[in-house]
Amino acid sequence: MKKYEKPEKIETYWFETYGCQMNIAESNALKTMLEGVGIVEAADEEKADIVIINTCSVRKSAENRVWGRLGNYSRIKKEHPMILIVIGCMAERLLNELQKDAPWVDYVLGTNDKQKVIEIATGVESIDRDDAYSFLQSYYKEGDFSTFVPIMNGCNNFCTYCIVPYVRGREVSRSVESILEEVKFLDSKNVKEITLLGQNVNSYNYIDEYGNQFNFPKLLEKVCDVANNIQWIRFESPHPKDFSDELIQVIKNQEKVAKHLHIPLQSGNSRILKKMNRSYDREKYLTLIEKIRKEIPNITFATDVMVGFPSETEEEYLDTLSAMEILRCNEAYMYFWNPREGTPATKMDGQLSDKIKHERLQKIIDRQQEIFGEEKEKYANGIHTVLVTKESRNDKKQMLARDEHNQMVAFSANEELSPGTLVKVEYLSVNGNTIIGRQI
Ligand code: SF4
């Protein structure tokens, strides 16, 4: 059997990224840092001197996919010398298993240790574990017109179905100074849209060296103050329990904050929310939505819902359906509960059959598809600013774009437009999930 060899020199890298927006942002930052030391992206994984797999543990399927990829790299490594590094949540959760069952992986680095990729790539091999999470200097990738800005990491909430607090650790907030520096830099790069990122973004809390405290609304105002070319400021994912009146006022008063909010519901039933340890009930959630709508009438919503949580009855499931009728989102991430090893919900009584979970999910998806269409019809008129994302493959004057409400828009352009351009489009009709329009 051939031995795994390491390359003599590291000149090329290859990244595989799984999971959330935070992983995408962190991979972008590491790519930029590797390029900063002269290591360029390889044509494909088989030609790379160093391969980094940035992993996710939220679902079992995401971990299974990585195990599959590791099998593939075992083969590639026999033919081609390379350094293989596994980083991220799965590396944090399954450090020992990865070291034992995939010995051809050279380094396994948990969520606090991602920066060590650069040390390894540049020949420094001391890999003591870091105790604390640290933010990278910039998460920008050259050419991006829409980018993520991580502002906090970790979560203190321990929802009973979620693995994140166990793999990302407790909440830590990035300094205001570092965030504003990055936003100014992105603005100078003509970035049009930024998303402030955190597992529980609106629990941001930073105290500077002079004892000044910055909560999320204060930070958001400061970010708006330094954004000139940036058209829309978004944030992901807020927790309903931390959605304060002060935050609603900032969203209302700051023109640059997109009037589209992703506020995870998870369940529309108070007993299930309690079992999920979500810290709000149905009434509190719907009161929050009503309050936001009253203050900001042109607001649109996105949400996450999970059906089939242990012991959820048909009536309780119908509460989720009825909450969705009130919420009337134009985007929704709908899924059924799947046991996640290491979380309390896995051991709860009243596990439902796959058949019931599938049926409940399908019903909510079907109804939600109708709501999407109905909501889009309401918006399919007037003139709106859109951000061009792609051109049609067949016709350079047919463009795809997104608007402030994160709605997909297809329009005929008057000229050739490159992705990242902001233009005015008249909305004419709706086709499926897409608004159809023409450039003004
Ligand atoms: S708030 Fe709940 S669902 Fe969100 S990351 Fe924290 S524990 Fe997970």
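Two residues are in contact here if their C-beta atoms, placed from the backbone, lie within 7 Å. The structure is a predicted model.

**Asn153**

Asn153 is part of strand S7, residues 152–153. Leaving aside neighbours within four places in sequence, Asn153 is in contact with Tyr133, Arg168, Val172, Gly198 and Gln199. Is Asn153 buried or exposed? Asn153 counts as buried because 24 C-beta neighbours lie inside 10 Å, and the cut-off for a buried residue is 20 or more. Asn153 also comes within 8.6 Å of Met22, C-alpha to C-alpha, although 131 residues separate the two in sequence.

**Domains**

The protein is divided into four domains, with the bounds below.

| Domain | Residues |
|---|---|
| domain 1 | 12–121 |
| domain 2 | 136–258 |
| domain 3 | 292–379 |
| domain 4 | 383–439 |

Between the C-alpha centres of domain 3 and domain 4 the distance is 29 Å. Where these two domains touch, nine residues of domain 3 are in contact with seven residues of domain 4. On the domain 3 side, the elements that give two or more residues are strand S14 and helix H13 (354–379). H13 supplies the largest share of that side, five residues. By class, the side of domain 3 that touches domain 4 holds three nonpolar, three polar and three charged residues.

**Helix H13**

H13 has 26 residues, which at 1.5 Å a residue should span 38 Å.

Which residues of H13 are buried? They are Lys357, Arg360, Ile364, Gln368 and Lys376. The cover over these buried residues includes S14, helix H12 (314–327), S15, strand S19 (422–431) and strand S20 (434–439). An α-helix has 3.6 residues a turn, so residues three or four places apart point the same way.

**The three-stranded sheet**

S14 and S15 also belong to an open sheet of three strands, ordered S13-S14-S15 and paired in parallel. Its edge strands, each pairing on one side only, are S13 (260–262) and S15 (331–336). Neighbouring strands of this sheet are turned by 10° against each other on average, direction ignored. Strands of a sheet pair through backbone hydrogen bonds, either parallel or antiparallel. In this sheet, S13 and S14 (residues 300–307) run parallel and are joined by three bridges. Leu261 stands opposite Phe301 of S14.

Key: Residues are numbered from 1 along each chain as its sequence is written. This is a predicted model: local features need pLDDT of at least 70, side-chain atom pairs count only at pLDDT 80 or more; totals for chains, interfaces and linings use all residues. Two strands pair if DSSP finds at least two bridges between them. Helices (H or I, at least four residues) and strands (E, at least two) are DSSP runs, numbered from the N terminus. Axes are lines fitted to C-alpha atoms, for helices over the stretch in contact, and angles run from 0 to 180 degrees between N-to-C directions. Domain bounds come from an automatic or database domain assignment. Ala, Val, Leu, Ile, Met, Phe, Trp, Tyr, Cys and Pro count as nonpolar, Asp, Glu, Lys and Arg as charged, and the others, Gly among them, as polar. The expected span of a helix is 1.5 Å times one less than its number of residues. A residue is buried if 20 or more other C-beta atoms lie within 10 Å of its own, exposed if 12 or fewer, and partly exposed in between; C-beta atoms are placed from the backbone.
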